[in-house]
Amino acid sequence: MVREQAGRVLAANLRALRERAGVSLSGLARQSGIAKGTLSQLESGTGNPTIETVFSLSNALGVPVSSLLTERTDPDVVLVRSDGLEVLSSNAVDLRLLRRMDLTDRVIELYDQRVRPGEVQRSGGHAGREHVVVTAGRLRVGPPDAPHELGPGDYVSFPARAPHIYETVDGPVTSVLMLEYPAGQLLSAHEGLTRLEGAP
């Protein structure tokens, strides 16, 4: 049920962002590097997105990841139960989006992040800045050629545009990931996609 609900949210957000930009599925496929058939499945709510897929869509649309994954609500109190969250997985990382905060000049996304041993999560880079706090285990994170090693309670922050990795040292790692986007520097979905379509 949770996965179905999350799929519906992603489908609605993806369709709305694409239509607001006035771009076709083919255009978004070219910009994101995701097959048109896969995009069609995601928009219909039948796809099974990975971390890489969602970040590729975020980059292509010029919006924070949470714009694709969250419903818009404005309650005074926000309570998030971990057992009710969709898990976005890759070969080494499981992410659960806990909260999106739209501040005056920043968009903040807060994630529960679990890193599995035996694999390396590689990112080619994306918009924003990453903040990581390890709560259990030991984690290598940062530039592939010179990652930082973090233990419980350690924190690192770095620009996310450059390639970076996540890798455990001994066993599983639990951590908090915060993605920070300068609101003034984000491309609108229209700006990001009309370049592809050849608009001025």
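Aspartate 112 is buried, with a relative accessible area of 13%. Buried here means under 20% relative accessible area, exposed means over 50%, and partly exposed lies in between (1.4 Å probe, protein chains only). Its salt-bridge partner is arginine 114, with the closest N and O atoms 3.1 Å apart. Arginine 114 is partly exposed, at a relative accessible area of 34%.

This is a predicted model, in which local features need pLDDT of at least 70 and side-chain atom pairs count only at pLDDT 80 or more, while totals for chains, interfaces and linings use all residues. Residues are numbered from 1 along each chain as its sequence is written, and side-chain values use heavy atoms, with hydrogens and water left out.

**Salt bridges**

Side chains of opposite charge can pair when their charged atoms come close. The criterion is a side-chain nitrogen of Lys or Arg within 4 Å of a carboxyl oxygen of Asp or Glu. The structure holds nine such salt bridges. Three of them are listed here.

| Pair | Closest N and O atoms |
|---|---|
| Arginine 106 and aspartate 105 | 3.8 Å |
| Glutamate 180 and arginine 106 | 2.6 Å |
| Arginine 114 and aspartate 112 | 3.1 Å |

Arginine 106 forms salt bridges with both aspartate 105 and glutamate 180. Glutamate 180 lies in strand S10 (residues 173-182) and arginine 106 in strand S3 (residues 106-115), so their pair ties together parts 74 residues apart in sequence. Strands (E, at least two residues) and helices (H or I, at least four) are DSSP runs, numbered from the N terminus.

How accessible are these side chains? Arginine 106 is partly exposed, at 27% relative accessibility. Aspartate 105 is also partly exposed, at 44%. Glutamate 180 counts as buried, at 14%.

A network of salt bridges links Arg138, Arg140, Glu149 and Glu167.

**The sheet**

Four strands form an open sheet. Their order is S4-S9-S6-S7, and the pairing is antiparallel. Two strands pair if DSSP finds at least two bridges between them. Which strands form the edges? They are S4 (120-123) and S7 (148-150), each pairing on one side only. From one strand to the next, the twist averages 15°. Axes are lines fitted to C-alpha atoms, for helices over the stretch in contact, and angles run from 0 to 180 degrees between N-to-C directions.

S4 pairs with strand S9 (residues 164-168) in the antiparallel sense, over four bridges. Serine 123 stands opposite histidine 164 in S9.
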